[in-house]
Amino acid sequence: MKRAILLVLDSFGIGNAPDAAEFGDAGSDTLGHIARYRTDAGRPLELPNLARLGLYHAHRLSTGDWAAGVDVPDTVTGAWACAREISSGKDTPSGHWEIAGVPALFEWGYFTERENSFPPELLETLIERADLPGVLGNCHASGVPVIEALGEEHITSGKPIVYTSADSVFQIAAHEHHFGLERLYRLCEIARELLMPYNIGRVIARPFVGETASGFMGETASGFERTGNRRDYAIEPPTPTVLQKLHDSGGTVLGVGKISDIYARCGISEVRKAHGFEALFDATLKAIDDAGDRTLVMTNFVDFDTLYGHRRDPEGYAGALEAFDRRLPEVMARLEPGDLLILTADHGNDPTWRGTDHTREQVPILIASDGLAPGGYGRRESYADIGQTLAEHFGLNPMDHGRSLLTESPQGDK
């Protein structure tokens, strides 16, 4: 039976990419700096299961040094490598498309001004089309701080909060109840249409709950909190991904979490929604249990990025990695002969780095399969090697980019 499980640890980079200086990220290292933070705190990072698959070896190949304080296993049971990105951005769609064999080799549109970020004519049309009293924000911001700063004014004025970042993105935050969840979704659909000429990769609905600092209508005051009803409105990949090819050939793609949104639902046979690490992991296990022949289960573990990377929380990131590692044996126990398990990431987000944006990093490729000999498979020139590996695994026509690991032998530590 041919199955594959592809787990994306969102933002888990393992050292700056060769072109990181072009992005202002030379010296970034998500794994390395988390390990250093923990070691300095007197509690070394403990990831024994990921280590046995080759995580620390991949990090050393990427950076030239072992991560601080880690316990390197005597024997590695997985196939491991590090991979650079050739897509033009360091964002979620670019990373995921390249993982699936379709690098984004064009230039995305960006809103580069830190304040008054969006063209007036864009906002004027959005306000008119959506019948809004106006908008708040209109700046570069991180999601939680901008809601904390403008949430009360949003509730009283009815104006949604619009903001962006270094990524090709237009984000809209609004209160689930006072503004309305469905109204927020409709607003994002209008924005998606208006942003097409700007070549913006994603519009993201960021619903939140909570009340004003003084309470609302006599209720006890509560802080603002983003909910699990986020929705991404991405543009479609420019050519068929390996997901699309598998789906079109009669196979099945089970997209867990936000995978369907990232790929604009292209090539997704069934959506398995879940919010939060534990729920995502449980949904992944259920999907593996349900998976038949020629099925790909793909999950994005977004909390690494949104809760810890962007919020610059190295301790939280470390704890989340250790929680993932503790549950990884539950996935390993479900592997059957012929299965292919791949763990990777879509970009970096070093929680010790300046600012709140993603970092341009190499990512790990860790594979468990009875069809691939354990050991090091070197520095990969593109994340697309993952998509090409999946294409060969499922007997699909080759992708235009990438080299399959299934046709190679271990290279040692090179």
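Two exercises with worked solutions follow, both based on a predicted model.

**Exercise 1.** Work out whether helix 3 (residues 55-63) is mostly covered or mostly open, and find what covers its buried residues.

*Solution.* Start with the count: seven of the nine residues in helix 3 are buried, a term that stands for under 20% relative accessible area. Next, name them: Leu-55, Tyr-56, His-57, Ala-58, His-59, Leu-61 and Ser-62. Then look around them: the cover includes helix 1 (30-40) and helix 2 (48-53), along with strand 2 (79-83), strand 13 (363-369) and strand 14 (375-380). Finally, step just past the end of helix 3, where Gly-64 has a positive phi of about 95°.

**Exercise 2.** Locate the residues that UniProt annotates as "binding site" and describe how His-310 and His-358 are placed.

*Solution.* Begin with the record: the unreviewed UniProt entry gives this annotation to Asp-305, His-310 and His-358. They are spread over 54 residues of sequence, yet they cluster in space, with a largest C-alpha distance of 8.5 Å. Asp-305, His-310 and His-358 also belong to the lining of the second largest pocket.

Now take the histidines in turn. His-310 sits in the loop between helix 11 (303-309) and helix 12 (314-332), and a polar atom of its side chain lies 2.6 Å from the backbone oxygen of Thr-356. His-358 belongs to the loop between strand 12 (340-344) and strand 13. Its relative accessible area is 2%, so His-358 counts as buried.

Note on methods: Residues numbered from 1 in each chain as written. Predicted model: local features only at pLDDT ≥ 70, side-chain atom pairs only at ≥ 80, totals over all residues. Heavy atoms only, no water. Buried < 20%, exposed > 50% of the residue type's maximum accessible area, 1.4 Å probe, protein only. Helix = DSSP H or I, 4+ residues; strand = E, 2+ residues; numbered from the N terminus. Contact = heavy atoms within 4.5 Å. UniProt positions renumbered as here; feature names shortened; annotations may be inferred. 1 Å grid on protein atoms, 1.4 Å probe; cavity = no way out; pocket = protein on both sides within 12 Å on 5 of 7 lines; lining within 4 Å. Polar contact = N/O pair within 3.5 Å; in protein donor to acceptor, adjacent residues only side chain to side chain.
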